[in-house]
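Please read them alongside the coordinates.

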Amino acid sequence: MKEGRRHYGQYCGLAAALDVIGERWTLLIVRELLVAPRRYNELLSNLPGIGTNLLAVRLRLLGEAGVVEQLTSDPDGRARRYRLTEIGQSLRPVVLGLARWGMPLLAEPDPQDEVRPEWSLVAVEAMMGTPSPDGPDECYQFQISGRDGREEVFHLEVTGGAARITPGRAVSPDLLAVTDAITFVEIGAGRLDPLEAVVLGRLRLDGDAGAVLRCCRLLGLIAPTT
């Protein structure tokens with residue numbers, strides 16, 4: 001047995017998966033890398049509480065399992081980024097499914113809880129359903145701010161009955177949603193109605209009513225039309 005890794009000792013696919021990703025913090029590292037490749041210090045900053053030694057151990061084990069690989073970022077070879085391999089990327093539906101399953105379990109946020117705007121991209125992907133094949137092609141842009149003033153901007157494109165999330169600003173979005181990370185999570189968890197958030201000034205929606213309704217239906221925030 002390799003140092004730092006524990007095994008269930010069961011000849012079972014689920015046990016084999018948990019041998020690799022079942023340790024504390026591991027799936028949260030995967031969540032970060034599903035958004036984008038990250039440098040070590042970026043991972044350390046985005047995962048407050050993990051500790052540098054534990055992060056190093058987790059990344060090493062994920063590398064040994066073929067889930068994560070390193071990329072040289074600078075010509076001098078000193079700055080490296082971590083990214084998911086093809087095997088690692090195949091964890092996307094697993095992570096999204098767990099995020100979707102866990103949203104209703106969220107209670108009122110504790111003042112000490114970390115809430116990062118970067119996590120909203122994964123949350124939207126987890127919430128996202130299948131667009132109506134008869135609906136128009138359009139684009140929804142999200143601007144999510146954090147407690148420290150940082151902002152995450154991404155957009156959701158609906159084209160030909162399929163939806164895709166892309167980091168960054170859209171050229172001309174049909175809907176612009178501006179809110180903070182806590183409000184965003186509370187809406188996604190069903191703890192706050194989108195209309196109530198607008199009335200309270202915690203959510204700003206710029207766009208026509210049809211785009212707002214279609215976006216809310218796509219994210220499961222309101223019931224689909226029958």
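1. The model is predicted. In it, helix 6 (residues 92-102) and helix 7 (residues 119-127) have axes that come within 8 Å and cross at roughly 85°. Angles of 65 to 115 degrees count as roughly perpendicular, so helix 6 is roughly perpendicular to helix 7.

2. On the helix 6 side, the contact is made by Arg92, Leu96, Ala99 and Arg100, and on the helix 7 side by Val122, Glu125 and Ala126. By class, the residues of this contact are 4 nonpolar and 3 charged, with no polar ones.

3. The largest pocket has a volume of about 1100 Å³. It is lined by 35 residues, of which Leu28, Arg31, Leu106, Glu114 and Trp119 are the closest to its centre.

4. Which elements each supply at least two residues of the lining of the largest pocket? They are helix 2 (26-35), helix 6, helix 7 and helix 8 (181-188). Helix 8 gives the most, with 5 residues. The lining of the largest pocket divides into 22 nonpolar, 4 polar and 9 charged residues.

5. The second largest pocket has a volume of about 290 Å³. Its lining comprises 15 residues, and those closest to the centre are Pro131, Ser132, Arg214, Arg217 and Leu218.

6. Strand 4 (138-145) and helix 10 (209-218) are the elements that give two or more residues to the lining of the second largest pocket. Helix 10 gives the most to this lining, with 3 residues. By class, the lining of the second largest pocket has 7 nonpolar, 5 polar and 3 charged residues.

Notes. Residues numbered from 1 in each chain as written. Predicted model: local features only at pLDDT ≥ 70, side-chain atom pairs only at ≥ 80, totals over all residues. Heavy atoms only, no water. Axes fitted to C-alpha atoms, helices over the stretch in contact; angles between N-to-C directions. Helix = DSSP H or I, 4+ residues; strand = E, 2+ residues; numbered from the N terminus. Parallel < 35°, antiparallel > 145°, perpendicular 65-115°, else oblique. Contact = heavy atoms within 4.5 Å. Nonpolar A, V, L, I, M, F, W, Y, C, P; charged D, E, K, R; others polar. 1 Å grid on protein atoms, 1.4 Å probe; cavity = no way out; pocket = protein on both sides within 12 Å on 5 of 7 lines; lining within 4 Å. Points joined across faces, edges and corners; volume = space filled by probe spheres on them.
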